[in-house]
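Please open the model in your viewer and keep the selection tool at hand, as each stop below names what to pick next.

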Amino acid sequence: MTIDTVKLAFPEDCNIIVGQSHFIKTVEDVAEIMVSSVPGVKFGLAFNEASGPCLVRTEGSDPALIEAAQKMALSVGAGHTFYLVIGPGAYPINVLDRIKASSEVCQIFCATANPVEVVRGVTEQGAAILGIVDGFAPKGVEGESDKAARKAMLRRFGYKF
């Protein structure tokens, strides 16, 4: 086995969710979760089929985001993984619980707007996601002003009263 990293490329103003699931039905079910959770949401979804024709299956409401998801799926190449690009105005917090509750979803590797590197293992059979590098290493511990800024940001985003 070889181990490498793959940098995921997605639009700067978007979030992504990367996960693993076990069935082609994931494509339609995650797409339905998106449109029923956030009306008018812009998203792109790609799923790497792991048997039969082994195609990258796609859905979505925005062609550019579908293309971004498809490119991530192809670049990682791990079977039964999915790549969801969420457009501006929607966030993982809006859909993550419903996606995790989907009967096809086995695990979520990340839900983020940060730069992402996939740590990948590659064998003769195929590739697997071993882990995710999400963003950057900590630079210190928050102080009182940092706590106040964090709390203000959550209120500005509308996630707290």
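Select glutamate 49 and arginine 57, whose side chains meet in a salt bridge at 3.1 Å, N to O (a side-chain nitrogen of Lys or Arg within 4 Å of a carboxyl oxygen of Asp or Glu). Glutamate 49 is buried at 13% relative accessibility, whereas arginine 57 is partly exposed at 27% (buried means under 20% relative accessible area, exposed over 50%, partly exposed in between, with a 1.4 Å probe and protein chains only).

This is a predicted model, in which local features need pLDDT of at least 70 and side-chain atom pairs count only at pLDDT 80 or more, while totals for chains, interfaces and linings use all residues. Residues are numbered from 1 along each chain as its sequence is written, and side-chain values use heavy atoms, without hydrogens and water.

Next, pick arginine 120 and aspartate 4, which form a salt bridge with the closest N and O atoms 2.7 Å apart. Arginine 120 belongs to strand E7 (residues 116-122) and aspartate 4 to strand E1 (residues 2-8), so this pair ties together parts 116 residues apart in sequence (strands are DSSP runs of E, at least two residues, and helices runs of H or I, at least four, numbered from the N terminus). Arginine 120 is buried, at 15%, and aspartate 4 is partly exposed, at 28%.

Then select Lys25, Asp29 and Glu104, which are linked in a network of salt bridges.

Finally, display the open sheet, where five strands run in the order E4-E3-E5-E2-E6 with antiparallel pairing (two strands pair if DSSP finds at least two bridges between them). Its edge strands, each pairing on one side only, are E4 (56-60) and E6 (105-112).
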